[in-house]
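Have the sequence and the viewer open as you read.

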Amino acid sequence: MILDVSRHKFSEGLVTLLLFAVVASVAVALLYGDASEIFGGAQAPLQPFIKQFQVNHPVLAPILFGLIYLYAVLRLSRATVRVELYTLGTMAGVALGGVALFGAVVAADYAMLIVVALVVAEAFGRLLYCFGHNVRLHYLFSAMLAFGVMPLVDGALIPLALVVPMLTIAIRSTVRESVLVLLGLATPTFIYCYVVWLLNGDFGQAFLSIWNNFALSSHFSLAAYLTLPRLFYLGVLVFLYLATAMAWYSVSLPLMSGARFVWYVLHVSMLLLIASILLLPTASASLIVALSMVVTTMLPLLFLQTSTLQGVLAYAVFVVATVVAVV
């Protein structure tokens, strides 16, 4: 196995991803397989169903967890390769995604967290295709559908679900694409409210209940989730992001305009997630998962810009931090 992650072939990245996905599945099965109650706190519409599934299916839930883990990382890393986001081609995103996600989703609320990872991977994985000269409209619409699902999964993701689509409109600035963005973003909430209405509920109250969660305390205490080892993991993530931002600043001019727009969106998303973790009353572990997924799309540039020794040391520290986070 090559220790310089920037030189990984797909097979080496896939082996790393498989290793972390399997270990993560076994870890949640052994550590959290006997969950007997749904965690309390604010409830976004889909949360009770996801949590109840975890409680009622202690064997199936870890298996699906591992499969979604694999899919989410591959979905996002494939998009970074296809849109030429870096100065050179690299498959580093596969291994780095597998490593980054491990420290964020192996927790008591693992079913919720892996669903968040899936939604974020779909949202950004599809959005990355939408900043070139020829936008595939189905990618734009499906990306906005994923952003629209975020408030139904966790109210803490509402700022991300609103700001990134608005930024996309500002960058693309065409009427047709703006309409698609707004329709895709609104469709999941409309469907949820319509289903509530069909079941003799109140359409308007269903809509307000989603946004009311934004002001409530988190369903999963961020203080309980952020143990000292996980704080170290989060600190490593943020440090690597800052180093990546400096590396990007030095090479941004040679990048294609589409790639530069992607990087602008990623930087805004990172700053928004960090601010949400620090400031939002509804801040939850979902924000850490989203942050780890966004960082995954950026880190390969850092490893391409560093020397082999620096890259190996940074990768080793990253692996240690993510493993220690679940101890």
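This is a predicted model: local features need pLDDT of at least 70, side-chain atom pairs count only at pLDDT 80 or more; totals for chains, interfaces and linings use all residues.

Most residues other than glycine have a negative phi. Asn200, although it is not a glycine, has a positive phi of about 70°. Is Asn200 buried or exposed? With a relative accessible area of 75%, Asn200 is exposed, because that value is over 50%.

Now turn to helix α2, residues 47-56. Which of its residues are buried? They are Gln47, Ile50, Lys51, Gln54 and Val55. Looking down the axis of α2, you will find these buried residues within an arc of 135°, so they line one face of the helix. The spacing makes sense in general terms: an α-helix has 3.6 residues a turn, so residues three or four places apart point the same way. As for what covers the buried residues of α2, the list includes α1 (10-32), α3 (60-82), α5 (110-127) and α6 (137-153).

In passing α5, α3 makes a left-handed crossing. On the α3 side, the residues that meet α5 are Ala61, Pro62, Phe65, Ile68, Tyr69, Tyr71, Ala72, Arg75, Leu76 and Ala79. Their partners in α5 are Tyr110, Ile114, Ala117, Leu118, Ala121, Glu122, Phe124, Gly125 and Arg126. By type, the residues of this contact divide into 15 nonpolar, 1 polar and 3 charged.

Helix α3 also packs against helix α4, residues 92-105. How are these two arranged? The angle is about 135°, with the axes 9 Å apart, and α3 and α4 are therefore oblique to each other. Their crossing is right-handed. From α3, the contact is made by Phe65, Tyr69, Val73, Leu74 and Ser77, and from α4 by Gly93, Val94, Gly97, Gly98, Leu101, Phe102 and Val105. The residues here divide into 8 nonpolar, 4 polar and no charged.

To tie the two contacts together, pick out Phe65 and Tyr69 in α3: both take part in the contact with α5, and both take part in the contact with α4.

Terms used: Residues are numbered from 1 along each chain as its sequence is written. Side-chain values use heavy atoms; hydrogens and water are left out. Buried means under 20% relative accessible area, exposed over 50%, partly exposed in between (1.4 Å probe, protein chains only). Helices (H or I, at least four residues) and strands (E, at least two) are DSSP runs, numbered from the N terminus. The arc is that of the directions from the helix axis to the C-beta atoms. Contact means heavy atoms within 4.5 Å. A crossing is left-handed if the near helix is turned anticlockwise from the far one by less than a right angle, and right-handed if clockwise. Ala, Val, Leu, Ile, Met, Phe, Trp, Tyr, Cys and Pro count as nonpolar, Asp, Glu, Lys and Arg as charged, and the others, Gly among them, as polar. Axes are lines fitted to C-alpha atoms, for helices over the stretch in contact, and angles run from 0 to 180 degrees between N-to-C directions. Angles under 35 degrees count as roughly parallel, over 145 as roughly antiparallel, 65 to 115 as roughly perpendicular and the rest as oblique.
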